[in-house]
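Please look over the sequence and the structure shown below before reading on.

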There are 2 protein chains.
Amino acid sequence: MTRPTPISGFPEFLPAEQLVFDRVLATIRATYERYGFTSIETPAVERRDTLVARGGDDKEIYTLSRLTTGSGSTETELALHFDLSVPLARYVAQHADGLVFPFQRAQIQKVWRGERPQAGRFREFYQADLDVVGRGRLGLTYDALLPAVISDTLSAIGVGPFCIRLNHRQLLQGWATGAGLPAALVPAALRVLDKLEKIGIDAVRTQLTSTCGLNPARVTTFLELATASRPGTQVLDDLAAGALPLNAALEQGIQELQDVTATMQALGVPDTHYRLDLSVARGLGYYTGTVYETGLQAFPTLGSICSGGRYENLAEAFGPERFPGVGMSIGVSRFVPALMAAGVLAPAAATCAPVLVTTLRQTLRAETFRLGAELRQAGINTEMYLESDRLGQQLRYAARKGFVLVAIVGEDELAAGVVRVRHLATGTEQVWPRDTWTADVRRWLAEPA
Amino acid sequence: MTRPTPISGFPEFLPAEQLVFDRVLATIRATYERYGFTSIETPAVERRDTLVARGGDDKEIYTLSRLTTGSGSTETELALHFDLSVPLARYVAQHADGLVFPFQRAQIQKVWRGERPQAGRFREFYQADLDVVGRGRLGLTYDALLPAVISDTLSAIGVGPFCIRLNHRQLLQGWATGAGLPAALVPAALRVLDKLEKIGIDAVRTQLTSTCGLNPARVTTFLELATASRPGTQVLDDLAAGALPLNAALEQGIQELQDVTATMQALGVPDTHYRLDLSVARGLGYYTGTVYETGLQAFPTLGSICSGGRYENLAEAFGPERFPGVGMSIGVSRFVPALMAAGVLAPAAATCAPVLVTTLRQTLRAETFRLGAELRQAGINTEMYLESDRLGQQLRYAARKGFVLVAIVGEDELAAGVVRVRHLATGTEQVWPRDTWTADVRRWLAEPA
């Protein structure tokens, strides 16, 4: 008989906060769908081998077992997915012949990682993934479509000022090999670069020159370009003008980024919503072309809330067929609690219904039912208070829960064929005839608060 | 390098089926919200002790562990929830002071049970729960509200003819004790009754008389009442007229069911959507009053797709405070695949967008972007085909994916300021001026197929 306590790393919300979180999820989904990205959902589990093979961290993967193992149990092979990319790869490989390519897919689900819980990091959290996967090939235009959709989505949520930072793995590869690094050591150098925000420019410079053995002058020039606060695509102009000695990989990266950003402009992405950033490396070996990270200007400590990139072959673990693609993922659980706490996404009511219909007395209950039905019929979410309590208690309930309007019918109103409606925030009351009152309610609800 | 195979008991859908499933979930949620039932979401996990204490079957509970245990790991205590009732109980006990009672909550989530997979039974499945929980008390009107909401919800989904069957635990209790059974043995008798559909009336009669020791004549009368195909509330009339010898519990059950069904009628529930059924026992000891099961007339082998009941105290495992409530839960994963297979809920397109905008040539891409933006602006989900393929291939893609309309702009259309739109199913084409075409598209989409 103990009062339950929260489980660390597994967040849950009170109803008012949950409504905000769910509205964010619904906005993401609706915006993804507006561009034709159709949702799939995969099981919470994958085979353990699938997850481990795709770079899952053993210490973070939750495996399943049963308290008492029955006969024929196979769950020892199963584990909770830690992202939605591995499930997508498995899904595409498994169902390739049932899918139509280019496959534009959205996927908004919980994922689980046994990380040490810390601020903004959870063990259970939501990701909202967006990918376009081709069969054998996928054009570069999709590398511009994805940040365009993300720009629309973040604007629709109302996250405040944000910036999608773009870079290109070939560009980084070309620079690093041009600065004297053998190709095999490039991933290690990129992992160093990836820590720029965390460890600072001096530590990165030291590691790149002494540990990785990169040409110190080239490292300095590169880090100047990477950390200069230049808007839009100006860094590309510098590069094209020879700020770094060119080679094939570097030129490919520059050219593709020029193409991608020109297409983003044609797609109408406001130029305040993105810029080139040579320090974006994306630790994962997985990416081969364009890479993305996204920061909220007012919440720099949150880190990237939407990352992704172009990959050469999604499903290489599952067969010889090549499925190139490009994807981005919004880390919903990463930023929504912070934006709620800051009032940017403020919880309001603890109910999804703006109207409460009260019951003045048991004999008027049928009238309560009729009023409720009329509002629901008019498309207005409506709760009916069905306990036999005094009106004062019903109004206190309405205020605590955050209803906007309360409908009251007593014997006088019933006899006169009217409904009394009270606006809780202002205390104003209106009395409307029964045959038009739902339109009046809708009008009052539409008025600015 | 092996092609992945499905994991038994963990279903997943292709996009066209997923769209049907998601539409069902969205309809359930919207209808619950129409009555003011506000969604909460709890983590996928609860503490193991919480689940076991609340009647979880050891063999069915999935516990979590990590592949490699890090320091400070506490996951050995965690397990996946097997329903949404235990999480609700824990949530109410944990957050009672942050909630407003009566607490009208919806909860639509996956749950996991390590059952042996069989037709219609999965190890991972969706439940859509609806509960009203009081603090200290909860009026009987809510016992009628819940089946009213469920009736609306199932109608809105379009499941075909269904019937919510009501019974009352006190009525069963009163009958069983009246037929000579000590109160302590009543649960065992109800578990026998619960198997009526599975083992048949003769086996139930035998077990109730010889094993449980119930009065044979009373068993016969009861089973006649329980299996008679009487519409609506007629069984209640028989009981009130003395078909079984009355006692306090029996009378309480009859009276509450009379009240509940009268309220359901006042709430406008069509009388074809519910009836009394004395054979509904609900195996769980948990329920103390009204109980519900729901069958689809055209799919009798599915069993109950929506069950629930009144409970005396939701959170008794967590403290002395009493939280009575009433709940029902739709087993979404139980019936949607069967209804899809039968064509009652038929998958159509593999895309959430009705319109595809094609790209005739690279130089016209900016025009493709503009057309897409105009449709999206008009609130129409629109995919843009962004590969440089011939029109024929783009049309085959559109047909395979199930788009309704395809927008085509070549140089002629661009020069003339028009858009050519093809209706894929009929092959008809329309040419519309650019300044009004989105309204034309909307009109064409609204026409019956």
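This is a predicted model: local features need pLDDT of at least 70, side-chain atom pairs count only at pLDDT 80 or more; totals for chains, interfaces and linings use all residues.

In chain A, helix H13 passes helix H16 in a right-handed crossing. H13(A) comprises residues 365-377 and H16(A) residues 437-446; their axes come within 10 Å and cross at roughly 60°.

On the side of H13(A) they are Leu371(A), Glu374(A) and Leu375(A), and they meet Trp437(A), Thr438(A) and Val441(A) of H16(A). Sorted by class, this contact contains four nonpolar residues, one polar residue and one charged residue.

A further point of interest in chain A is Thr141(A), which belongs to helix H4, residues 141-157. Is Thr141(A) buried or exposed? Its relative accessibility is 10%, and a residue under 20% is classed as buried, so Thr141(A) counts as buried. When neighbours within four places in sequence are set aside, Thr141(A) is in contact with Thr263(A) and also with Arg365(B), Phe369(B) and Leu386(B).

Chain B contains an open sheet of five strands, arranged in the order E13-E12-E14-E15-E16 with mixed pairing. Strands E13 (382-384) and E16 (429-433) of chain B stand at the edges; each has a single partner strand, so one side of each is left without a neighbour in the sheet. From one strand to the next, the twist averages 25°.

Strand E12(B), residues 355-357, runs parallel to E13(B) and is joined to it by three bridges. Within this pairing, Val357(B) has Met384(B) in E13(B) as its bridge partner. Helix H16 of chain B, residues 437-446, lies across E12, E14 (405-408), E15 (418-423) and E16 of chain B. Its direction is at about 150° to that of E16(B).

| Cis peptide bond | Omega | Location of the proline |
|---|---|---|
| Phe101(A) to Pro102(A) | about 0° | Pro102(A): loop between helix H3 (85-95) and strand E5 (103-112) of chain A |
| Phe101(B) to Pro102(B) | near 0° | Pro102(B): loop between helix H3 (85-95) and strand E5 (103-112) of chain B |

Key: Residues are numbered from 1 along each chain as its sequence is written. Chains are lettered from A and ligands numbered from 1 in the order in which they are written. Side-chain values use heavy atoms; hydrogens and water are left out. Two strands pair if DSSP finds at least two bridges between them. Helices (H or I, at least four residues) and strands (E, at least two) are DSSP runs, numbered from the N terminus. Axes are lines fitted to C-alpha atoms, for helices over the stretch in contact, and angles run from 0 to 180 degrees between N-to-C directions. Contact means heavy atoms within 4.5 Å. Buried means under 20% relative accessible area, exposed over 50%, partly exposed in between (1.4 Å probe, protein chains only). A crossing is left-handed if the near helix is turned anticlockwise from the far one by less than a right angle, and right-handed if clockwise. Ala, Val, Leu, Ile, Met, Phe, Trp, Tyr, Cys and Pro count as nonpolar, Asp, Glu, Lys and Arg as charged, and the others, Gly among them, as polar.
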